[in-house]
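Subject: Structure for you to look at

Hello,

Here is the structure I said I would pass on. Please open it and keep it on screen while you read the notes below.

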Amino acid sequence: MKSGPFLFLTLLLTINVCGQNVSKIGMTTRGFADETRPDWSGRAPRPIATTIWYPADAPENEAKIVLGNPDNPLFIAGAAVRGAKISAARERFPLIVISHGTGGSALQMMWLGQYLAARGFIAAAIDHHGNSAAEGKYRAQGFVLWWERARDLRVAIDDLLADAEFGGRIDAGKIGAAGFSLGGATVTATAGGIFDLRGFEKFCASSERDATCEPQPEFPGAMKEFEELRTKDASVIESLNRAADSYRDRRVKAVFAIAPALGAAFTQSSLSSVEIPFQIVAGEADATTPPRTNAQKLARSIKKSAVKILPGKVGHYTFLAECTDFGKTILPICRDEAGVDRAAVHRTVGQMAFEFFKANL
């Protein structure tokens, strides 16, 4: 047990907010890779770029983290001390792996990662190859071959547990997963949901179809491009042959899904077989992943699930990072409906996630 000046310093770096111990937040990155899968160019291993937030012992204050041009950013991701030492207040911390939405990025989920890290978790968000704005180029495969993202989470957990700095500080018996939008579908697969492409096609041909059936605004031409690859590209063909595989990772003990997409893209039997605690939250005004065909549909099928629909005008993109005034002028996804406080929604959902993982890990 630490004592003397070191303990006093640790206490100084921790404040109490609403009865919770809130630490300073450290932040770092890892360039993990999956040697068993090629990237979509076929020239290198699949990248699993990972951003990590964690409780930190740091004398300096957190610096603002932004997305876009640093001189005129679009989003404010959060605040953290880059490269800070992980806190010595505990020997090991629970781990939460985080999956971003369609065309998003790890930093778009920093609001959740930093909230959990400040309260005693290690949080690690993955930039999903071909589907991440952080890469600078989208790939059709990254938008269509959804199950590859669940494999990304598995590799990230493997590599984090083996990491020289973080491996020994993670409680391997306390691992959870959280995801937004397509990331919500990703963590559903990690919990045991199995994709059903034919079932999803039938849903999209029915009167029940929703916006998840449409071309996604981040990459409207993805399906057209993909059709040219599906019978010619060896890695695409190989992936399609694994579409109906299970990507359950039994190390993941609890899942938190935010405005999950593809509620109709899983087999009913696989959802009914999910055995771990599963919390879902969505906005009532979400027209991109409407709760009725996504969040609520998953909740009806998963036995150990609970769903919370945030009332009023909370929409899909409210769960992205906070926007700057400049971002609001040029990006529609930055403009919430009147009366919606994006930062307040983030705090509400962050607290829900904290309480959920604290109770179930």
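Ring pairs tie Trp146, Trp147, Phe195, Phe200, Phe203 and Phe266 together into a cluster. Please bear in mind that the model is predicted. The number of aromatic pairs found in it is 16.

A pair of aromatic rings is described by two things, the distance of the centres and the angle of the planes. Take Tyr138 and Phe143: their ring centres are 5.0 Å apart and their planes meet at 75°, so this pair is edge-to-face, an angle over 60 degrees being the condition for that. Tyr138 is partly exposed, at 24% relative accessible area, while Phe143 is buried, at 9%.

The pair Phe195 and Phe266 belongs to the other kind of arrangement I want to show you. Here the centres lie 4.6 Å apart and the planes are at 25°, so the two rings are stacked. Phe195 has a relative accessibility of 4% and so counts as buried. Phe266 is buried as well, at 6%.

One ring has a charge over it: Arg119 lies over the face of Tyr115, 3.5 Å from the ring centre.

Next, the disulfides. A disulfide is a covalent bond between the sulfur atoms of two cysteines. How many disulfides does the count come to? The count is 2. If the bonded cysteines are numbered in sequence order, they pair as 1-2, 3-4.

Is Cys204 buried or exposed? Its relative accessibility is 13%, and buried means under 20%, so Cys204 is buried. Cys213, at 18%, is also buried.

The other disulfide joins Cys323 and Cys334, with S to S 2.1 Å. Its torsion about the S-S bond is about -80°, so this disulfide is left-handed. The pair links distant parts of the chain, 11 residues apart: Cys323 is in strand 13 (residues 322–323), and Cys334 is in the loop between helix 11 (325–330) and helix 12 (342–360). Both Cys323 and Cys334 are buried.

Two single residues are left.

Gln279 is part of strand 11 (residues 278–283). With 15% relative accessibility, Gln279 counts as buried. Leaving out residues up to four places away in sequence, Gln279 touches Val255, Phe256, Ala257, Ala306, Val307, Lys308, Met352 and Phe356. For Lys308, the separation is 29 residues in sequence and 8.1 Å in space, C-alpha to C-alpha. With Ala306, a polar atom of the Gln279 side chain lies 3.3 Å from the backbone oxygen.

Asp159 lies in helix 4 (residues 147–162). Its relative accessible area is 23%, so Asp159 is partly exposed. Apart from neighbours within four places in sequence, Asp159 is in contact with Phe32 and Ala33. Ala33 is 126 residues away along the chain, yet the C-alpha atoms of Asp159 and Ala33 are separated by 8.7 Å.

Regards

Conventions: Residues are numbered from 1 along each chain as its sequence is written. This is a predicted model: local features need pLDDT of at least 70, side-chain atom pairs count only at pLDDT 80 or more; totals for chains, interfaces and linings use all residues. Side-chain values use heavy atoms; hydrogens and water are left out. Helices (H or I, at least four residues) and strands (E, at least two) are DSSP runs, numbered from the N terminus. Buried means under 20% relative accessible area, exposed over 50%, partly exposed in between (1.4 Å probe, protein chains only). Contact means heavy atoms within 4.5 Å. A polar contact is a pair of N or O atoms within 3.5 Å; within protein, one must be able to donate a hydrogen and the other to accept it, and residues adjacent in sequence count only if both atoms are side-chain atoms. A disulfide is a pair of cysteine sulfur atoms within 2.5 Å. Rings of Phe, Tyr and Trp (its six-membered ring) pair if their centres lie within 6.5 Å; planes under 30 degrees apart count as stacked, over 60 as edge-to-face and the rest as tilted. A charge sits over a ring if NZ of Lys or CZ of Arg is within 6 Å of the ring centre and within 35 degrees of the ring normal.
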